[in-house]
Amino acid sequence: MTDVTAERTALADLTQKLGVDIDPELLSLALTHRSWAYENGQVPHNERLEFLGDSVLGLAVTVRLFTKHPELEEGALAKRRASVVSTVALAEIARGIGLGRHLLLGRGELLTGGRDKDSILADTMEAVFGAAYLSAGSEAATGLVLRLVEPLLADPERYGAAMDPKTALQELAARGGMPPPTYSVTSTGPDHDRRFTASVVVGELTTQGAGTSKKHAEMAAALTAWRELSGRA
């Protein structure tokens with residue numbers, strides 16, 4: 001199988017998983033990180049689509065929360081929206097559809113685990129929403145957004161976990177009669193390109209998370225532990 005054929009097959013598989021007929025060129029653009037673009041002759045990358053997709057995402061979630069929760073005040077609605085469209089939440093959604101393996105990344109990002117970085121996954125997810133909007137229109141793009149965020153919308157406890165996984169994990173441990181979570185962090189790589197790995201221990205459970213800062217690594221580890229302990233893995 002040639003590289004071109006393999007790429008087309010991968011894009012077709014992703015399109016089928018998304019359930020929206022997205023133009024292949026736009027989908028490929030949505031998956032193109034600026035690091036890959038810079039290493040390949042300054043070709044276009046996905047940041048303009050990300051800008052569009054951010055608005056598509058925000059409007060879809062806002063309208064759904066507004067119409068589905070007439071009992072909530074503005075502050076509560078804003079808090080729920082912020083958590084659902086957060087980097088952590090979007091990265092979780094992206095991992096759920098295996099988006100990372102489709103990314104076009106530069107060598108530096110590949111070597112530092114770019115396929116699983118929250119920021120890259122979240123930005124790419126927004127770019128995919130933008131590509132869906134341009135390819136299939138507002139209704140189809142909104143439908144895609146809502147299908148993917150529905151697990152978060154349908155499970156209010158995940159709002160807190162997505163926004164502040166360390167606090168959510170601590171509260172869950174306390175309710176279960178367990179001691180507070182304990183964290184340890186290691187790092188690799190040069191100072192300008194550090195990669196952090198955090199481990200968190202809660203009772204008999206130990207999970208890990210990675211990130212470009214100590215904070216992000218601990219948040220990733222905490223979210224994984226929260227999912228496992230709450231049965232929402």
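These legends describe close-up views of a predicted model.

**View 1. The sheet has three strands in the order β1-β2-β3.**
The sheet is open, and its pairing is antiparallel. β1 (182-188) and β3 (205-211) are the edge strands. Each of these two pairs on one side only. On average, neighbouring strands are turned by 20 degrees against each other, direction ignored.

**View 2. β1 and β2 form a hairpin.**
Between the two strands lie 6 residues. Gly189 sits in the turn, with a positive phi of about 95 degrees. The strands β1 and β2 are joined by 7 bridges and pair in the antiparallel sense. Two residue pairs can be picked out here. Ser187 has Phe196 of β2 as its bridge partner. Thr182 stands opposite Val201 in β2.

**View 3. β2 and β3 form a hairpin with 2 residues between the strands.**
Look for Gly203 in this hairpin, where its phi is positive, near 60 degrees. Strand β2 (residues 195-202) runs antiparallel to β3, and 7 bridges join the two. Follow the partners across. Ala198 stands opposite Gly209 in β3. Ser199 has Gln208 of β3 as its bridge partner. Val201 stands opposite Thr206 in β3. β2 is mostly covered, with 6 of its 8 residues buried.

**View 4. The side chains of β3 alternate between two faces.**
In a regular strand, side chains alternate between the two faces of the sheet. Which residues of β3 point to the buried face? They are Leu205, Thr207, Gly209 and Gly211. Helix α12 (residues 214-230) lies across β1, β2 and β3. This helix runs at about 140 degrees to β3.

**View 5. Helix α6 is mostly covered.**
Of its 10 residues, 7 are buried. They are Val88, Ala89, Leu90, Ala91, Glu92, Ile93 and Ala94. After the helix comes Gly98, whose phi is positive, near 65 degrees.

**View 6. Glu92 is a buried residue of helix α6.**
What does Glu92 touch beyond its neighbours within four places in sequence? Its contacts there are Leu152, Arg158, Leu223 and Arg227. Leu152 belongs to α9 and takes part in the contact of that helix with α6.

**View 7. Helix α6 packs against helix α9 at an angle of about 120 degrees.**
Two packed helices are described by the angle between their axes and the distance between the axes. Here α6 covers residues 87-96, and α9 covers residues 138-153. Their axes are 10 Å apart. The range for roughly perpendicular ends at 115 degrees, so α6 and α9 are oblique to each other. The crossing of α6 past α9 is right-handed. From α6, the contact uses Ala89, Glu92 and Ile93. From α9, it uses Leu148, Val149 and Leu152. By class, the contact has 5 nonpolar, no polar and 1 charged residues.

An α-helix has 3.6 residues a turn, so residues three or four places apart point the same way. Compare this with the α6 residues in the contact, Ala89, Glu92 and Ile93.

**View 8. Helices α4 and α8 cross at roughly 80 degrees.**
Helix α4 spans residues 47-68, and helix α8 spans residues 118-136. Their axes come within 6 Å. Are the two helices roughly parallel or roughly perpendicular? Angles of 65 to 115 degrees count as roughly perpendicular, so α4 and α8 are roughly perpendicular to each other. On the α4 side, the residues that meet α8 are Leu49, Glu50, Leu52, Gly53, Asp54, Val56 and Leu57. On the α8 side, they are Asp123, Glu126, Ala127, Phe129, Gly130, Ala131, Tyr133 and Leu134. The residues of this contact divide into 9 nonpolar, 2 polar and 4 charged.

Technical notes. Residues are numbered from 1 along each chain as its sequence is written. This is a predicted model: local features need pLDDT of at least 70, side-chain atom pairs count only at pLDDT 80 or more; totals for chains, interfaces and linings use all residues. Side-chain values use heavy atoms; hydrogens and water are left out. Axes are lines fitted to C-alpha atoms, for helices over the stretch in contact, and angles run from 0 to 180 degrees between N-to-C directions. Helices (H or I, at least four residues) and strands (E, at least two) are DSSP runs, numbered from the N terminus. Angles under 35 degrees count as roughly parallel, over 145 as roughly antiparallel, 65 to 115 as roughly perpendicular and the rest as oblique. A crossing is left-handed if the near helix is turned anticlockwise from the far one by less than a right angle, and right-handed if clockwise. Contact means heavy atoms within 4.5 Å. Ala, Val, Leu, Ile, Met, Phe, Trp, Tyr, Cys and Pro count as nonpolar, Asp, Glu, Lys and Arg as charged, and the others, Gly among them, as polar. Two strands pair if DSSP finds at least two bridges between them. Buried means under 20% relative accessible area, exposed over 50%, partly exposed in between (1.4 Å probe, protein chains only).
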